[in-house]
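Work through the exercises below with the sequence and the model open side by side. Each task is followed by a solution in steps.

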Amino acid sequence: MEKTYSPKEVEEKWSKFWIANKTFSARIDKNKKPFSIVIPPPNVTGVLHMGHALNNTLQDIIIRFKKMQGFNTLWVPGTDHGGIATQNVVEKLLKKEGKTKNSLGREKFLETMRQWRQETGDSILEQLKKLGCALDWDRTAFTMDESRSRAVRKAFVKLFEKNLIYRGKRLVNWCCNCGTALSDSEVEYESESSNLWHIKYPFTDGNGYITIATTRPETMLGDTAIAVNPRDERYIDLIGKTVLLPLTDRKIKIIADFAVDKSFGTGALKVTPAHDSADDAIAQRNNLQYIEVINTEGKIFNSPEKYNGLKVLEARKIIVEDLEKNGFLLETENYQHSVGRCYRCSSTIEPLMSSQWFLNVSEMSKRTAQAAENNETQFFPPSWKRPYTLWLENIKDWCISRQIWWGHRLPIYYCQKGCPPFASLEEPSKCPHCGGMDIKQDEDVLDTWFSSALWPISVFNWGIDEENEDLKYFYPTSTLATGHEILYLWVARMVQFGFEFMQDVPYKHIFIHGIVRDKHGKKMSKTLGNVVDPLLMIEKFGADALRFALAQSAAPGRDMQISEDSFLSARNFANKIWNASRFIIMNMEGLDKIDEDIKPVEMADEWILAEFEKTSRKIKSLYESYDIDGAARENYDFFWNKFCDWYIEISKARAASSDAKTKRQVLSILIYILKGSLQLLHPIMPFISSEIWQALDGALKNKSGEIISKTSFIENVKIKNADEVLGKMLSIQNIIAAIRALRSEINIPLASNINVVFNVLDEKKRNAASESESYIKRLAKIEKIEYAKDIKRPKNCAVALTEGFEIFVPLEGLIDIDKEKARLQKEREKISLELQRTESKLKDENFISKAPEAEIEKIKERLFQARLKVNKIDENLAYISE
């Protein structure tokens with residue numbers, strides 16, 4: 001092994017090896033239980049960001065763990081065509097060339113789209129290879145390739161023939177920028193500062209007025225009623241009266257509806273059925289007229305000439321001015337409210353009446369919710385189940401048509417002789433109703449999420465053959481790992497389609513993770529300049545460091561905070577693994593064989609084997625329950641704190657022994673623990689574990705040639721009275737730690753061997769210490785240990801207290817009292833200054849009001865630690881002064 005770990009070389013080597021040798025290619029094996037995952041397909045526009053890195057690292061950990069458990073694992077890769085997002089990207093590129101999609105025409109534009117996708121669409125998959133993803137690259141799918149396209153057409157036709165797909169004119173979410181309808185799940189809401197305008201609507205009899213409050217005065221041009229709550233005593237006598245709609249010559253009625261919130265605004269609501277979903281519901285209950293006043297370009301139409309052609313915000317400004325000028329505006333107040341935005345371009349959504357295709361998901365949703373309640377689909381963590389079922393219980397029919405060109409064109413055809421529209425799997429040559437040959441395909445394409453909802457079955461070529469062997473063997477898949485932000489857009493849709501087309505759930509487990517935020521808890525964005533680039537982190541620290549840092553922070557279902565320090569710490573861990581492994585392999589030189597039957601010789605051997613057995617069980621259990629951050633922390637704690645800091649240090653003398661038997665015995669245990677640790681680490685850190693495993697195998701005379709990815713977890717060695725052994729070793733560790741801490745506090749030179757007196761408080765602990773005296777002497781650098789009972793603290797002695805002992809350390813000749821006193825006083829002054837600065841910061845109201853909560857907590861912790869240090873220095877100064 002090289003002296004220094006070089007991640008780049010190792011990662012390139014193993015990434016190529018896994019692909020060339022098809023290490024993770026899966027074929028049907030009836031003797032093995034399948035475990036399959038389908039990748040949440042990234043958009044073809046995608047470049048690996050920290051969210052992708054987290055999601056795919058977690059999936060890779062699960063797949064590698066299951067493979068080592070003996071499952072026939074399959075992880076299917078692929079990309080999504082991305083619909084609106086991808087079309088927007090290519091349209092921007094065309095704009096730079098002075099072209100538009102309309103100037104090219106549909107066919108030429110789609111040809112340009114396909115060419116762009118061919119050249120750049122798989123970039124993110126190449127980047128996933130750098131991450132070390134154990135994907136079966138032979139199965140790479142694309143949502144618009146032939147097999148997936150056929151699956152989409154087949155699904156659509158089946159749904160159409162069951163009368164679940166229908167066309168209707170309804171209120172939809174419209175993105176004026178993208179020029180298409182969106183489903184409810186594709187609208188993101190954010191808080192916005194605006195105004196609440198109080199407008200008076202005069203009664204037509206000239207006897208007073210009623211006041212309404214609105215955030216959208218421009219939509220009043222489409223008002224067809226004013227609604228009040230029938231239980232609102234202020235307005236009971238006004239129900240049925242007629243008012244004049246300001247700035248127009250139209251008259252509208254005051255109606256009663258229980259949906260009106262008496263506490264909002266004035267308690268009187270202007271009803272604009274064609275441009276508000278709540279008003280639409282009121283209109284349907286009260287049989288109101290629909291008047292459209294905003295078109296698909298976001299401009300006013302069908303209104304007084306003065307306002308026609310104005311953009312919504314322009315119209316709002318002028319209408320408010322006119323209301324004020326004509327005495328209709330009574331009050332303007334500042335108001336914070338929620339505004340819907342397009343999930344792709346962030347433009348404000350306009351609710352508009354539009355003729356669209358809808359999918360009736362009522363029965364599918366009931367079955368999907370039932371599956372969650374019955375634990376046919378289990379959530380990890382379970383807290384996400386309720387929001388999921390609640391959404392399904394309140395879901396509306398799905399608007400599935402989109403007014404763009406890039407995507408799956410609706411397989412709906414119109415006969416020019418006026419026959420009913422029909423759906424067809426293949427392009428028809430004639431009308432099935434009349435035999436006429438003059439037919440035309442619908443211009444719209446399907447919502448991107450329609451093809452994504454079919455992903456768990458389409459990747460297994462359901463569109464070509466519904467009974468194929470792959471589908472029977474690998475479906476339903478085992479686990480879906482995904483972020484909570486697409487729980488409704490995608491996760492629920494896949495379950496709906498799973499039941500509809502396969503009569504079964506598409507996956508048994510739903511593992512929900514959070515999103516990656518910066519170290520202050522803010523969402524990463526280019527605008528804020530706080531984006532941490534995973535590819536840059538791989539280049540700087542290595543892929544294993546990136547993976548470990550993400551895994552260690554990925555508490556199920558919760559957002560995580562990360563910074564460059566996280567990856568630096570993970571790289572240090574990788575270096576620790578490398579150095580410890582190198583030490584063991586170097587000491588294997590000249591070793592003719594190792595013991596296959598592991599037998600402990602000393603208590604430390606029993607202890608590390610018992611610790612490994614306990615840790616191994618715990619880590620496997622954590623992997624099994626998707627507690628990946630817990631598994632990462634346990635791996636770290638065992639390898640660094642227990643194996644390296646304790647057992648390797650204790651074993652160094654025996655590992656260097658000239659006695660062949662002694663050397664073989666300890667190295668057999670070191671190799672066993674190292675191999676087991678590498679296996680437990682492998683799902684999280686596949687590159688370094690693969691390289692060390694190969695080096696370890698190469699150092700043995702009976703080489704297996706087997707790569708770690710294809711091994712099964714080694715059997716644990718059972719230790720009798722394991723709890724007793726662990727308890728004894730803990731006592732020894734506490735003694736050593738106490739003496740080390742004392743040496744550090746009083747600044748006893750590391751090179752100095754010291755004498756200690758153990759004042760015995762517990763005879764059982766004395767026996768444990770006596771048996772392991774050699775460990776204590778070696779690791780605490782002690783020349784001589786004396787045991788005594790019920791003695792007072794000797795003169796010129798430092799003291800440490802542990803369970804079972806008072807430990808006295810005579811200081812004469814070890815330190816210069818005056819120099820040590822001066823050093824401690826200087827250290828105290830330095831920390832006191834830091835204390836003053838920190839306390840001042842926390843008293844600064846301006847700082848406290850602006851600083852992120854995480855930053856404030858960090859400063860409070862710094863203050864707490866500084867006070868502890870001052871107290872400890874004062875104790876030592878008092879003692880030295882005595």
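This is a predicted model: local features need pLDDT of at least 70, side-chain atom pairs count only at pLDDT 80 or more; totals for chains, interfaces and linings use all residues.

**Exercise 1. The whole protein**

Task: State how many helices and strands the protein has, and what share of its residues is buried.

Solution. 
- Step 1: The secondary structure consists of 28 helices and 29 strands.
- Step 2: Of the 882 residues, 53% are buried.
- Step 3: For the overall dimensions, the C-alpha atoms fill a box of roughly 105 × 65 × 55 Å along the principal axes.
- Step 4: The surface exposes about 40900 Å², of which carbon and sulfur atoms supply 47%.
- Step 5: Among contacts with a separation of 6 or more, 77% join residues 24 or more positions apart.
- Step 6: There are 125 positive and 124 negative side chains, and the centres of these two sets lie 2 Å apart.

**Exercise 2. Two partners of helix α22**

Task: Helix α22 packs with α18 and with α17. Classify each pair by its angle and list the residues in contact.

Solution. 
- Step 1: Two packed helices are described by the angle between their axes and the distance between the axes.
- Step 2: For α18 (residues 564-587) and α22 (residues 686-699), the angle is about 0 degrees and the axes are 11 Å apart.
- Step 3: Angles under 35 degrees count as roughly parallel, so α18 and α22 are roughly parallel to each other.
- Step 4: On the α18 side the contact uses A574, I577, W578, S581 and I585, while α22 supplies I688, E691, I692, A695, L696 and A699.
- Step 5: For α17 (residues 543-553) and α22, the angle is about 125 degrees and the axes are 7 Å apart.
- Step 6: The α17 and α22 pair is therefore oblique.
- Step 7: Here A543, D544 and R547 of α17 meet P686, F687 and I688 of α22.

**Exercise 3. Helices α23 and α24**

Task: Decide how α23 is oriented relative to α24.

Solution. 
- Step 1: The axes of α23 (residues 722-746) and α24 (residues 763-771) come within 9 Å and cross at roughly 80 degrees.
- Step 2: The range of 65 to 115 degrees counts as roughly perpendicular, so α23 is roughly perpendicular to α24.
- Step 3: K728, S731, I732 and I735 in α23 touch K765, A768, A769 and E771 in α24.

**Exercise 4. Backbone exceptions**

Solution. 
- Step 1: Most residues other than glycine have a negative phi, and most peptide bonds are trans.
- Step 2: With a relative accessibility of 71%, N287 counts as exposed.
- Step 3: The relative accessible area of N375 is 44%, which makes N375 partly exposed.

Conventions
Residues are numbered from 1 along each chain as its sequence is written. Side-chain values use heavy atoms; hydrogens and water are left out. Helices (H or I, at least four residues) and strands (E, at least two) are DSSP runs, numbered from the N terminus. Buried means under 20% relative accessible area, exposed over 50%, partly exposed in between (1.4 Å probe, protein chains only). Contact means heavy atoms within 4.5 Å. Accessible areas come from the Shrake-Rupley method with a 1.4 Å probe; for residues, only the protein chains shown count as cover. Lys and Arg count as positive and Asp and Glu as negative; His and the chain ends are not counted. The place of a charge is taken as NZ of Lys, CZ of Arg, CG of Asp or CD of Glu. Axes are lines fitted to C-alpha atoms, for helices over the stretch in contact, and angles run from 0 to 180 degrees between N-to-C directions. Angles under 35 degrees count as roughly parallel, over 145 as roughly antiparallel, 65 to 115 as roughly perpendicular and the rest as oblique.
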